[in-house]
Amino acid sequence: MDGATATDEALKKADWKVGVDIGGTFIDFCALEANSGRVASLKVLTTPEDPGAELMTGLTLLAEREGFDPTHMTRFVHGTTVGINTIIQRKGAPLALFTNAGFEDVIELARLRMPDMYSLFCARPDPLISRDMVFGIPARMRADGNESQAPDTAAVESAVAAAKANGAQGIIVSFLHSWRNAAQETSVKAAIARLAPDLFVFPSAEVWPVIREYERSSTAILNGYVHPRVSGYLTALEERLKHRGVPARPMLTKSNGGLMNAAEGKRACVNMLLSGTASGVIGASWLARQAGEDKVLTLDIGGTSADFALIINGEPQFGTGELIGEFPLHIPSVSVSSIGVGGGSIASVDAQGVLRVGPESAGSTPGPACYGRGGERATVTDAMVVCGWLGHGEMAYGQLSIETQLAHRAVGELAMRLGRPVEQTAQAILDIAVSEMFVEVEKLASRAGVDLRDFTLMPFGGGGPMLGAFLARELGIKRVMAPRRPGVVSALGGLVADLRGDFIRTIFSPLSGASLPGIREAFEALAQEGRDWLAAQGHDAAAQLTLSCDMRYFGQSYEIEVVLSPQWLADAAAIEQAFHRTHEQLYDFHDPDGAIELVNVRLSAIGAGPALSFPETEEIDVPTHPARRVPVYTGLTVETIDLHDRQTLVPGSAFHGPAVVVQEDTTFALPAGTQARVDRHLNLVLTFAE
């Protein structure tokens with residue numbers, strides 16, 4: 001077989017798996033050709049005016065640069081910010097809420113908590129549904145699931161007419177105790193479908209059947225609020241992929257770090273609100289396991305925010321109550337803390353002459369001043385350029401060229417107002433950005449009860465490697481590991497993610513031997529629901545089922561989640577001890593004689609994704625030579641330091657800071673007193689001198 005024929009045969013047998021993540025500034029691509037192990041990556045500027053158009057641009061560029069063929073794509077996983085941006089920008093669908101008469105204030109009362117109880121100027125966010133669009137329906141379901149008053153038919157008809165007259169596109173139905181018996185919500189949904197088939201309807205128990213009416217209602221409202229935009233976006237996405245001849249069924253990353261198909265995404269929109277941040281942590285977890293790192297603090301810096309998460313024993317941490325804009329999300333999600341400091345965060349001087357950074361961002365349009373796209377206000381990225389850490393080559397796979405003089409002009413305006421040299425002003429911007437991240441990370445560590453000195457920092461995203469080493473130095477973290485392609489870790493997360501569905505059932509029950517049959521029955525029902533869900537996603541292999549319970553001592557207001565082993569379902573004492581251990585770990589005490597109440601049972605159904613691997617190379621001792629030397633303001637003075645090209649670094653390459661490492665998707669800034677080495681996975685590992 002000659003060379004040309006062999007190449008043709010390889011193309012015919014190509015098996016491309018593609019992960020895509022859309023952020024506020026860039027859309028990231030990570031493509032793996034599974035037969036050869038070849039990895040291709042790319043960044044493309046987003047198009048906020050036409051979400052999804054940049055996806056087609058990226059596929060075209062991958063085809064031109066990497067020989068990628070969309071018709072040989074067997075896996076396509078997509079994360080998007082369409083849902084969360086809809087909430088943050090408050091551009092969602094006009095909704096009406098149908099609830100029990102007398103409970104019309106449920107979403108305004110919420111939990112009677114202020115976002116900042118110590119601020120005299122703190123204000124709660126306006127609800128996504130205004131008070132005049134909340135309609136009380138005479139109806140009542142008792143806590144035991146028995147109906148005491150059927151929904152008033154005339155009231156439902158009147159409410160539907162009023163909702164339509166006020167411009168509602170959809171209706172959320174949330175009645176008391178529907179977690180126990182959803183019959184009333186179901187009957188009202190059917191009535192609305194007859195009266196107004198043009199309106200979409202989401203019953204709260206259908207979205208997330210959990211106790212506590214505010215949490216259940218607010219989750220359903222978030223789902224309905226983003227539904228038209230998410231559904232329309234996904235429909236257009238499917239059409240675009242079909243037009244390009246992509247045979248793969250599009251999958252979506254979820255807030256819980258798993259995947260679901262696009263058809264479910266159109267209905268269960270709330271499950272993908274944190275898809276981008278979650279998939280970044282999933283990608284980082286996979287990379288950590290490959291490198292043998294069991295304790296990792298992730299730092300994902302994009303254009304608008306910095307996101308932090310903990311990976312313990314190689315696994316991400318999960319929780320509920322993550323904030324979507326100003327609103328809590330009560331479904332399980334990867335635990336991520338965020339702060340409005342990113343590469344595009346705008347620096348400003350306030351009325352008191354104080355320099356501030358963020359949370360306002362320049363985004364992708366116009367972007368930082370140095371992008372040359374019309375931005376005139378100084379950003380964190382511009383400060384990096386002024387200091388000399390950035391600006392030594394093209395950025396974002398050739399999508400951007402740095403205009404150094406524009407960055408100096410933007411930062412110079414702030415310098416004039418502050419009466420300081422431009423380099424010192426730029427350094428102050430970076431110091432403020434790092435200090436704000438420091439505060440947020442310390443909060444995260446305190447909540448989790450961990451010592452960050454035991455962790456490795458993994459920076460990724462376009463801005464993570466720029467500031468990661470500086471943050472690690474302030475936190476006392478002695479080890480930093482930057483992946484080979486840090487700019488596309490979130491896209492990688494989609495490639496390696498599993499199918500994952502979360503299911504819940506509320507059962508108030510004291511923990512005792514007599515309650516075990518009911519607990520087992522609930523888990524068996526959830527297990528069947530989970531298997532059916534996986535089958536609907538197209539997964540026909542074995543399912544992994546993980547169990548947990550929300551439990552508390554009698555008299556407590558809130559419960560904690562306790563992971564269970566299946567064999568404990570026949571041993572109440574084992575469940576009791578697991579609860580005591582978890583309570584001790586979280587609060588440093590437990591009550592061995594306290595009566596325990598079980599509130600919710602939870603189950604996660606997991607369908608393993610493809611077993612992927614990237615090539616590894618043994619480390620060798622080779623001389624490492626910089627590509628050139630560049631002037632950088634390192635905080636006190638301008639120094640001439642080494643600049644390395646990541647493409648030329650091989651496993652075993654070693655050098656020391658201060659230094660700059662440039663690559664296609666980001667720039668890694670190494671402060672003084674650091675030692676760097678490339679490991680066999682092509683991670684750039686940085687350690688600090690004692």
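Q: Is Asp28 buried or exposed in this predicted model?
A: Local features here need pLDDT of at least 70 and side-chain atom pairs need 80 or more, while totals for chains, interfaces and linings use all residues of this predicted model. Residues are numbered from 1 along each chain as its sequence is written, and side-chain values use heavy atoms, leaving out hydrogens and water. Buried means under 20% relative accessible area, exposed over 50%, and partly exposed in between (1.4 Å probe, protein chains only). Asp28 has a relative accessible area of 8%, so Asp28 is buried.

Q: Which side chain makes a polar contact with the side chain of Asp28?
A: A polar contact is a pair of N or O atoms within 3.5 Å; within protein, one must be able to donate a hydrogen and the other to accept it, and residues adjacent in sequence count only if both atoms are side-chain atoms. Asp28 lies in strand S2; strands (E, at least two residues) and helices (H or I, at least four) are DSSP runs numbered from the N terminus. At 2.8 Å, the partner side chain is that of Lys43.

Q: How many of the seven residues of S1 are buried?
A: In a regular strand, side chains alternate between the two faces of the sheet. On one side of S1, Trp16, Val18, Val20 and Ile22 are buried; on the other, Lys17, Gly19 and Asp21 are buried too. The count of buried residues in S1 is seven.

Q: What is the relative accessibility of Val660?
A: Val660 sits in strand S32 (residues 659–662). Beyond its neighbours within four places in sequence, its contacts (heavy atoms within 4.5 Å) include Trp389, His392 and Phe668. Val660 counts as buried because its relative accessibility is 0%.
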